[in-house]
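Q: I would like to go through the charged side chains of this model with you. Could we take them pair by pair?

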Amino acid sequence: MINRRRRCRYTLAVILMGIGTFYLAQIVLSSIFESDDLTDISNNNLDQSKNQKDVISGNDVRKTQQHANHDKIKNQDRSKDVNRAQDKDSKPKKVDTQNRMSKRDEKNEDENDRLQNRNQHQSEEKNKKNSTKQVVTQAKKIEATTKKSMNILMKMKMAAKDQIEKKLKQAKTAQSTHNKQEKQAKKRKGEKERPIFEPTLPHNYKPAAPGENGRAVDVPQEYQQESEDLFQKHHFNQWASDRISFHRTLPDPRPEMCKSQTYPVDLPPTSVIIVFYNEAWSTLIRTVHSVLDRSPPDLLHEVILVDDSSVVVGHEDLHQPLEEYVRQLDKVRLHRNPQREGLIRARLRGFEQTTAPIVTFLDAHCEVNVGWLEPLLNRIYEDSTAVVCPEIDSIDLNSFAYKYGPSGVLRGTFNWDLSFKWSIAPTAERIRRTSPIEPMRSPTMAGGLFAIDRDYFLKLGTYDKGLEIWGAENMELSFKVWQCGGSLEIIPCSHVGHVFREIQPYDNSVSLHSIANKNYQRVAEVWMDDYKKFFYQRHPYLHDQSFGDVSENLKLRQKLKCRSFRWYLQNVFTDVILPNETALATGKIRNPISNMCLDTLGGTSESFLGLSSCNNQRETMLFAYTSRKEISWNDICLDASFISPGFNIQLAECHRIGGNQKWLHQKNSIIKHVHSGMCIDRGTTLNPVILPCNGSLTQIWTFEHYIVNSDTKLIR
């Protein structure tokens, strides 16, 4: 009996401990997660505990009643014995026989009572054992539930701990940034600030002189032929450039806030590198003087001109006359490559000559504007991993008029053949910038104009040593900077004008096109991970082309712990349009009856689709028919905005919404314009036309490659 009572007390103690544990769990979880789920668990366990206590209390009541019944039976037995004794003394002896019979009956009755009591007692003992067993079972269930709930509690505690650590890390980062900014602010407050350097007007300044204040230069009729001949030499109007002062004034395109900015007096100086090859004298010298005239003398350490082995014939002024001219200029040095190395390696030759902590690269047909240098150096002064570009204004190649638009609108991006293009900044980037003069994050750079910390450039491995001549170096450096922990930014307060030529005036004895493709391959193989398949969709013929050894580049990427290209698209180029389809057909689009193929003929948006012999091998003939039902070349799509019969087919930027750019095509069949219901016809000239579908052979077209079971899954 005592042992049973102890077990009951122990069970009750376990239950009460479980209840206490769940009360504590409820309090902790409520304070961390403000959740009602664990409260429900605790209430359920409390209900179980309450029921268990009721069971135990009921057992105690039954036990008390059983003891009372047992005592009552004993008292009845004593009363019977006393009555028998009294009857014995009062009755006569003649009734002994009857008494013996009565005693025997009473004895039998007593025996039956005892047997009944014993059975009842055994039944009660059995019930007690069953009740005790039930209590133990329920206690075990409660203990198991308690353990399960404690496991849930521990998991939630771990999750809460991770969240708290994450929040603490974010707070620590924010505090560190704040402390850094505050430290810089205190440093600046305790030091003198430098205002923007204001250049003086040039000697013998004539406001009405050709090109002054960035105005256009008109070519008189009698000089038109001379101007056209010079244009063929450099692919810009050299005649107009030659008549503009080396020190001409320019309009100020900066946002108004930029003009009142001040900068630390201890900004680091820069070396400026200008690479040229067969450059026009006037554009080269004007570039140099714009740097000398509009840069603070203490921040301009040196200007290094790198001649990439310009030819003598036709460019005599770039040799002896240039050397004599440079000797008269302070801080300007001339380095000549003994043989042609190309833009990329020529820049590296110039970089080897530099001694300033910051290096700035410029093209040879630029004009830097007022206040151009301080904002670039200041951003690198704040963050040595920031690679910065100025806002690039346009110097018209025909009139040399200085043209500009609002700052902070355009940023550099690319299409999937890795060609650079300007794009309007997305809404998210505009919201992120709290001021019109705050730097704009740019996924890529144009490549010709930027400043970078010298040590950081070395850490990144400078340019890929396997890149040759020209092309892809801007993409390689852009991807490398972003993926390896840096940032690429456009600084709205820094403006530089640039002559944008439509084609490069270089010797084509070496195919620059094939060299550039090899360069792009190297960039795709090293930095684009699985996304390189989109590049090869645009250039399927490059699959079997050798691009050289990139093992050292991959080792550098691993050493620098650079991020994936997926991270780049998700965090930097967030508005990228992924080819959400694998092309259904690719290659040349041939009309078999005429053996003529569709060709962009080098045209871009707002030009007409052309035809050329299918025997030609030109990239401008390689199209893709996509699951969007577009026929595209890079980001240019076939567009039938004018749908009258006999009209030419336009080339327009792909807008991804179907409409006039939606076409239907099956293998070796017609190409039908969905909106008009008409078909592409070979026509009778070098421009295909749109005509009513009639099934004639001039309306049958076939792609070089048709892709079966193309994978349309996005790589995200």
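Q: Which residue forms a salt bridge with Asp396?
A: In this predicted model, the partner of Asp396 is Lys403, and their closest N and O atoms are 3.1 Å apart.

Q: Is Asp396 buried or exposed?
A: Asp396 is buried, because its relative accessible area is 17% and the cut-off for buried is under 20%.

Q: And what about Lys403?
A: Lys403 has 42% relative accessibility, so Lys403 counts as partly exposed.

Q: How many salt bridges does a search of the whole structure find?
A: The search gives 25 salt bridges.

Q: Now Glu256: what is its salt-bridge partner?
A: Glu256 forms a salt bridge with Lys259, and the closest N and O atoms lie 3.3 Å apart.

Q: Buried or exposed, for Glu256?
A: Glu256 counts as exposed, because its relative accessibility is 58% and exposed means over 50%.

Q: And Lys259?
A: Lys259 has a relative accessible area of 35%, so Lys259 is partly exposed.

Q: Changing topic: where does Glu341 lie?
A: Glu341 is in the loop that runs between β5 (332-336) and α8 (342-353).

Q: Does it count as buried or exposed there?
A: Glu341 counts as buried, because its relative accessibility is 14%.

Q: What does Glu341 touch, leaving out residues up to four places away in sequence?
A: Glu341 touches Asp308, Arg349 and Ile469.

Q: Which of these has a side chain joined to that of Glu341 by a polar contact?
A: That residue is Arg349, and the polar contact between the two side chains is 2.9 Å.

Notes:
Residues are numbered from 1 along each chain as its sequence is written. This is a predicted model: local features need pLDDT of at least 70, side-chain atom pairs count only at pLDDT 80 or more; totals for chains, interfaces and linings use all residues. Side-chain values use heavy atoms; hydrogens and water are left out. Helices (H or I, at least four residues) and strands (E, at least two) are DSSP runs, numbered from the N terminus. Buried means under 20% relative accessible area, exposed over 50%, partly exposed in between (1.4 Å probe, protein chains only). A polar contact is a pair of N or O atoms within 3.5 Å; within protein, one must be able to donate a hydrogen and the other to accept it, and residues adjacent in sequence count only if both atoms are side-chain atoms. Contact means heavy atoms within 4.5 Å. A salt bridge is a side-chain nitrogen of Lys or Arg within 4 Å of a carboxyl oxygen of Asp or Glu.
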